[in-house]
Amino acid sequence: MTEQQLKDLLADMSLEEKIGQMVQLTANFYGTDMLITGPMGSAKIEPEDMKLCGTILGTSGAAKLKEIQDNAMATQPHHIPMLFMLDVINGFQTIFPIPLAQGCSFEPEIARKGAQIAAKEAAASGLHVTFAPMADLVRDARWGRVMESPGEDPYLNYCFAKAMTEGFQGETPENLKEKGNISACLKHFACYGYPEGGREYDNVELSERTLRQDYLSGYQGAVDGGCRMAMTSFNTLNRVPSTANKWLMRKVLREDLGFDGVLISDYSAVEELIPHGIAEDKREAARLAIEAGVDIDMMSDVYLHYLKELVTSGEVDETLVDEAVLRILKLKNDLGLFENPYKDASEEDEKNLILCDAHRAAAREAAAKTFVLLKNENKTLPLSAQEATGVLFAGPYVDTRALCGAWSFPATYDNIKTVQECIQEHIGNACHFMKGCSMFYDKEVIRDYVEEGMTPDEAEASIEQTVQAAKSASKVVLFLGESFRQTGEGASRTCITLPEIQMELLKRVSAVNNNVIVVLFAGRPIEVALIESLAKAVLYVWMPGTEGAVAITDVLFGVKEPTGRLAMSFPNVSSQEPLYYNRFQGGRPRNPGDPKAFCIGYIDTEYRPLHSFGYGLSYTTFSYSPVTVIKRETNTKANEAEAAWVASVMVTNTGDREGTETVQLYIRDVSGSVVRPVRELKGFEKITLKPGESREVSFEIIEPMLRFWRIDMTYGSEPGKFEVYIGGDSTTENKAEFDEV
């Protein structure tokens, strides 16, 4: 349809029809199974109400959604097709590593490829919109949803959010209609990732400068990628709930970031304006949300039952409704639903695409690139096939298929191999496997789930049996970690440690065998200092997805190198959180050797991370030459895209294996009109070198890379001294200086 035809359609719709387009209900109202992603709330929905609703949430399947679409269009007065939406975060049924793990690849193409594959599978299953990417900047590992973000750095978040958006939608607006593409939805706007105390749904306090300097970057990446939908966040920002924050939605999101798509609330967030205390009742909640610019009310009856009354009474101008509905109709039109209301739904394509060999191969390659080697004393890893007969493999993750993150639905676990199966396929059956212990002691209640564990007596017997076997093993590989249910929405933790029963297994095994390797599964950074003190090698594999066990086997046995680098800093202890590398130096910085009193930090622990952003080891080693910076005299500020400086290093593989290094560029503005971070990531490049091989890596530095929100809240650079750091992580001291004039 043309835009004029859409406007004509809008003009012919009744107010009730228009409001119906602004309501999203869950699939259970349509007599089908649904994936529950939030509380059911107090919505009162009658069968007559459903005839006008414009979108549905929480189910998939080509045949099922075709039937729902047929029934909906038959009863809708203008036969307007529905939009079908689902949380497809890091895969549909072919599950990729969690987004935080993907960030550790420092390879945005992994996110793009994963999103393309997820879109193809989801589209074949009848879906039109996914609630991804999550572009929230995350700096507090206690918050469960850090697993959904690319990490703590604004620039890295920008790159990954843009790549993922383009993967879902195609690289131009015209691509959205093409087969295998679905609409992306950036979330959660805004600043959901920095709640007080790391507590889910809690308040966020940020200055406007910090909001704009750090937290908007990821969202901007999604907008620049063409994202067609955005979701409001549950939290308050500086005491105003985002769903009622007119300045945030209309000024910052639409005017400043340039977003022109559909704005949807998070699950029941419009109704939640009441317990927030900003709305007295549902009627007021409806008014506040529509005035803020919320186009779709997800899973509440607030718009459905109160918006018409507000319009007819004159309290809400109907043009606000028209604006919202026109955006919704445009999205449906851009997806091609008016010509083909099923879009790509196809039972045949579901069979051919979902979990096909090509998709699984891509997931396997991606997973291996996300693993971070935290420790490898005396080249304990990789293992050789010849020595494997003397190695004991144990732990709760050695024989489980639950290797996907908390938002990995509708994944089917019977299609996932266990680590034990993959190792046996790689080296045969002449190796030893034991459970060691369960995930938890007894029964662990996590949110609405109960995880069954061993009783203390059962655990003692199992651990002792493993200890006896460990005494005669040449090495012990323990597969330990959080349960996937301990991360994700509603899974904030005060103490981000390994479960007690697993630490007991590690302590007792390491007491009888000094060649212990730990493979850690998690959805967030956890405390690893004690783990590393008890192990010769530690490989962090996150929640690696469908092909995770195969990829782990590849890396453990040296078929592939561990090339991941941390996208979030790791604490020494949980109480250090929030923790991030691009902090401020302060007036009393602590330098090596300084006393712990009367300068930044704690008297009882380090204040710096155990492992900082960008950290990760390889099976080989690399050296860097000193940084050189060359100014290009031809540069003028009239051409801001032209490189004013070029910073270079020579990187050499100093080990005896081929390896891949992630060369990272950081810049520090030494002084400014406001305090500047100790350093900021401004570029990265992955290079693969043979033993003894060297390669020059150069980064162009352009003036926009030096800009920030200045004291007068204008955005630009300032003259002065800058430090350029190039190295293997954010702590590198390999630097040079230049002056901006």
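Mentor: Leaving aside residues up to four places away in sequence, Gln486 touches Phe440, Ile446, Ala491, Arg493, Pro499 and Arg524, where a contact means heavy atoms within 4.5 Å. This is a predicted model, in which local features need pLDDT of at least 70 and side-chain atom pairs count only at pLDDT 80 or more, while totals for chains, interfaces and linings use all residues. Residues are numbered from 1 along each chain as its sequence is written, and side-chain values use heavy atoms, with hydrogens and water left out.

Gln486 sits in the loop between E16 and helix H19 (500–512); helices (H or I, at least four residues) and strands (E, at least two) are DSSP runs numbered from the N terminus. With a relative accessible area of 9%, Gln486 is buried. Here buried means under 20% relative accessible area, exposed over 50% and partly exposed in between, with a 1.4 Å probe and protein chains only.

Strand E16 (475–481) leads us to helix H21, whose buried residues pack against this strand, and also against helix H16 (357–368), helix H17 (419–427), strand E17 (516–521) and strand E18 (537–540). Nine of the nine residues of H21 (548–556) are buried, so the helix is largely enclosed by the rest of the structure. Among these buried residues are Thr553 and Asp554. Just after H21, Gly558 takes a positive phi of about 75°.

Now for the aromatic rings: a search of the whole structure finds 20 aromatic pairs. Rings of Phe, Tyr and Trp (its six-membered ring) pair if their centres lie within 6.5 Å; planes under 30 degrees apart count as stacked, over 60 as edge-to-face and the rest as tilted. The rings of Tyr155 and Phe684 have centres 5.9 Å apart and planes at 65°, so this pair is edge-to-face. It links distant parts of the chain, with Tyr155 in helix H7 (residues 154–169) and Phe684 in strand E23 (residues 680–689), 529 residues apart. Tyr155 is partly exposed, at 31% relative accessible area, whereas Phe684 is buried, at 17%. By contrast, Tyr397 and Phe521 form a stacked pair, 4.1 Å centre to centre with 10° between the planes. This pair too links distant parts of the chain: Tyr397 lies in the loop between strand E12 (391–394) and H17, Phe521 in strand E17, 124 residues apart. Both Tyr397 and Phe521 are buried.
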